[in-house]
Amino acid sequence: MIIVYLTCANEVEAEKISNKLLDKKLIACAKKVSIESSFWWDGKKDKSEEILVMFETTEDKFENIEKEVEALHSYETPMLFALPVLKTTKSVEKWLDEVLK
């Protein structure tokens, strides 16, 4: 199991990407949170309101998630990365396997 993080420009974009990934069974769940990001872009410090989406999935799905995000995302460089889940319950593992078949 991995958690994939993605920041989106707004709720509409986050929902569009989440629904596409759910429909293609690339993720089991998407959790969305409003955040304020501070960052460097084009040599300048900037900040913006964004939506952080956390996808629950498996490592073998990441490449296809990346392709879908690149096709749908408005950012030139979408911030997309994955973190491993070190431990979870057997019931979560079973649910993930069943959902992502």
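Reply: A nonpolar core is a set of buried Ala, Val, Leu, Ile, Met, Phe, Trp, Tyr and Cys residues joined through side-chain atoms within 4.5 Å. Buried means under 20% relative accessible area, exposed over 50%, and partly exposed in between (1.4 Å probe, protein chains only). The model is predicted, so local features need pLDDT of at least 70 and side-chain atom pairs count only at pLDDT 80 or more, while totals for chains, interfaces and linings use all residues. Residues are numbered from 1 along each chain as its sequence is written, and side-chain values use heavy atoms, with hydrogens and water left out.

Me: How many residues does the largest nonpolar core have?
Reply: The largest nonpolar core has 16 residues. Those with the most contacts inside it are Leu-6, Cys-8, Ile-17, Leu-21, Val-53, Phe-55 and Ile-65.

Me: Which elements supply at least two residues each?
Reply: They are strand 1 (2–8), helix 1 (11–23), strand 3 and helix 2 (62–72). Helices (H or I, at least four residues) and strands (E, at least two) are DSSP runs, numbered from the N terminus. Strand 1 gives the most to this core, with four residues.

Me: Is Leu-21 buried or exposed?
Reply: Leu-21 counts as buried because its relative accessibility is 0%. Leu-21 lies in helix 1.

Me: What does Leu-21 touch?
Reply: Not counting residues up to four places away in sequence, Leu-21 touches Leu-26, Ile-27, Phe-55, Ile-65 and Glu-68. Contact means heavy atoms within 4.5 Å.

Me: Which residues of helix 2 are buried?
Reply: Ile-65, Glu-68 and Val-69 are buried in helix 2. They lie on the same side of helix 2 because they cover an arc of only 100 degrees around the axis. That arc is taken from the directions from the helix axis to the C-beta atoms. The buried residues of helix 2 pack against strand 1, helix 1, strand 3 and strand 4 (80–84).

Me: What does the face turned away carry?
Reply: That face of helix 2 carries the exposed residues Glu-63, Glu-70 and Ala-71.

Me: Changing topic, what does Val-53 touch?
Reply: Among the residues that Val-53 touches, not counting those up to four places away in sequence, are Val-4, Leu-6, Cys-8, Ala-14 and Ala-30.

Me: And how far apart are the C-alpha atoms of Leu-21 and Ile-51?
Reply: They are separated by 16 Å, with the two residues 30 residues apart along the chain.
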